[in-house]
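Biologist: I am new to this structure and would like to go through it by question and answer. Please show it first.

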Amino acid sequence: MSLSAKQKATVKDFFGKMSTRSDDIGAEALSRLVAVYPQTKSYFAHWKSASPGSAPVRKHGITIMGGVYDAVGKIDDLKAGLLSLSELHAFMLRVDPVNFKLLAHCMLVCMSMVFPEEFTPQVHVAVDKFLAQLALALCEKYR
Amino acid sequence: MVEWTDSERAIITSIFSNLDYEEIGRKSLCRCLIVYPWTQRYFGGFGNLYNAETILCNPLIAAHGTKILHGLDRALKNMDNIKNTYAELSLLHSDKLHVDPDNFRLLADCLTVVIAAKMGSAFTVETQVAWQKFLSVVVSALGRQYH
């Protein structure tokens, strides 16, 4: 399910529009992940607080969204572009890949809330595919 | 049995009382068919599904979206007994319609995205938690009778 040229353009366009709100969306998305799927808090046991809306969660959500934006810039070769991030996730973080889907869903919900008009079904499918490709690239070094 | 707090009941009831079944039903089903095109396999008799534009204009799809959403009413009215409320519907989807139960989850996700767009900032974290809990119970009940 690789991205067509048109879908890559759609992704770049939408993320461009989103850029002024990307920190908010990233912070919200991670907050919602730990709220809606409490099992994901297991990865943040070392934090002071992993509750939705807490400072570490918001901060980390912003970090993750920064990584997603970086990946947009590498959309033509995600595997190569995300190699070191993949090694980090494979050997250090070891996040079960199912969680990438859960976070992607929360990101889509936040995008839809903040940009109800722009987040059309066509934009939705392009962004969903992109996030799935991103997750695949992050899993590249897992085994 | 699923336990619901008063807050969760209030949130779910509130969402449904403000719901435009036609608008949200149509948008959710269309979005599902566009974002997850393999779901179109169940809609062979529904006319033109050639691309996103034709799907969005398709009156049969719109009507079916409304029907699906009204089907959720039953869960709302029987929140303490969703599993049994949907036993017959589950068998229907399994034995007559032959729908892969994973599709219920896909549609539920699209419904969540559409409702989030409609409610904007009112779709708080607490609201999303309650809403997705409700949908996951519905999805589970619909898949329960598959054999």
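Modeller: A term to begin with: a helix here is a DSSP run of H or I with at least four residues, and helices are numbered from the N terminus. The model is predicted.

Biologist: In which helix of chain B does Gly143(B) lie?

Modeller: Gly143(B) belongs to a helix of chain B. That helix covers residues 125-143.

Biologist: Is Gly143(B) buried, partly exposed or exposed?

Modeller: Buried means under 20% relative accessible area and exposed means over 50%, with partly exposed in between. The relative accessible area of Gly143(B) is 24%, so Gly143(B) is partly exposed.

Biologist: Which residues does Gly143(B) touch, leaving out those up to four places away in sequence?

Modeller: Contact means heavy atoms within 4.5 Å. With residues up to four places away in sequence left out, Gly143(B) touches Ser90(B), Pro101(B) and Phe104(B).

Biologist: How are helix H6 and helix H8 of chain B oriented to each other?

Modeller: H6 of chain B runs over residues 87-96, and its axis lies 7 Å from that of H8. The two pack at an angle of about 60°. Angles of 65 to 115 degrees count as roughly perpendicular and those under 35 as roughly parallel, so the term for H6(B) against H8(B) is oblique.

Biologist: Which residues of H6(B) make the contact with H8(B)?

Modeller: On the side of H8(B), the contact is made by Ala141(B), Leu142(B) and Gly143(B). By class, the contact has three nonpolar, three polar and no charged residues. On the side of H6(B), the residues are Leu89(B), Ser90(B) and His93(B).

Biologist: How many residues are in the largest nonpolar core?

Modeller: Nonpolar side chains tend to be buried together in soluble globular proteins. In the largest core of this model, the residues with the most contacts inside it are Phe15(A), Met111(A), Phe130(A), Trp131(B) and Phe134(B). A second, separate core has 16 residues, including Leu33(B), Tyr36(B), Ala52(B) and Ile55(B). The count for the largest core is 80 residues.

Biologist: Which helix gives the largest share of that core?

Modeller: The largest share is eleven residues. They come from a helix of chain A that spans residues 98-114. The helix is H6 of chain A.

Biologist: Is Phe15(A) buried or exposed?

Modeller: Phe15(A) sits in helix H1 of chain A, residues 5-18. Beyond four places in sequence, Phe15(A) touches Val68(A), Tyr69(A), Val72(A), Met111(A), Val127(A) and Phe130(A). With a relative accessible area of 1%, against a limit of 20%, Phe15(A) is buried.

Biologist: Which residues does Phe130(A) touch, not counting those up to four places away in sequence?

Modeller: Phe130(A) is one of the residues with the most contacts inside the largest core. Residues up to four places away in sequence are not counted here. The residues touched by Phe130(A) are Leu3(A), Val11(A), Phe15(A), Val68(A), Ala71(A), Val72(A), Ile75(A) and Leu78(A).

Biologist: How far apart in space are Arg9(B) and Arg31(B), C-alpha to C-alpha?

Modeller: Arg9(B) lies in helix H1 of chain B, residues 6-17, and touches Trp4(B), Met79(B) and Asp80(B), with residues up to four places away in sequence left out. Arg9(B) and Arg31(B) are 22 residues apart in sequence. In space, C-alpha to C-alpha, their distance is 27 Å.

Biologist: What is the phi of Arg94(A)?

Modeller: Arg94(A) is in the loop between H5 and H6 of chain A and, at 60% relative accessibility, counts as exposed. Its phi is positive although the residue is not glycine, with a value near 50°.

Biologist: Where in chain B does His98(B) lie?

Modeller: His98(B) is not a glycine, yet it has a positive phi of about 50°. It is exposed, with a relative accessible area of 53%. Its place is the loop between H6 and H7 of chain B.

Biologist: What ipTM does the predictor give the complex?

Modeller: Chain B averages a pLDDT of 96, and 100% of its residues score at least 70. For the complex, the pTM is 0.93 and the ipTM is 0.88.

Terms used:
Residues are numbered from 1 along each chain as its sequence is written. Chains are lettered from A and ligands numbered from 1 in the order in which they are written. Side-chain values use heavy atoms; hydrogens and water are left out. Axes are lines fitted to C-alpha atoms, for helices over the stretch in contact, and angles run from 0 to 180 degrees between N-to-C directions. Angles under 35 degrees count as roughly parallel, over 145 as roughly antiparallel, 65 to 115 as roughly perpendicular and the rest as oblique. Ala, Val, Leu, Ile, Met, Phe, Trp, Tyr, Cys and Pro count as nonpolar, Asp, Glu, Lys and Arg as charged, and the others, Gly among them, as polar. A nonpolar core is a set of buried Ala, Val, Leu, Ile, Met, Phe, Trp, Tyr and Cys residues joined through side-chain atoms within 4.5 Å. Buried means under 20% relative accessible area, exposed over 50%, partly exposed in between (1.4 Å probe, protein chains only). pLDDT is the predictor's confidence in each residue, from 0 to 100.
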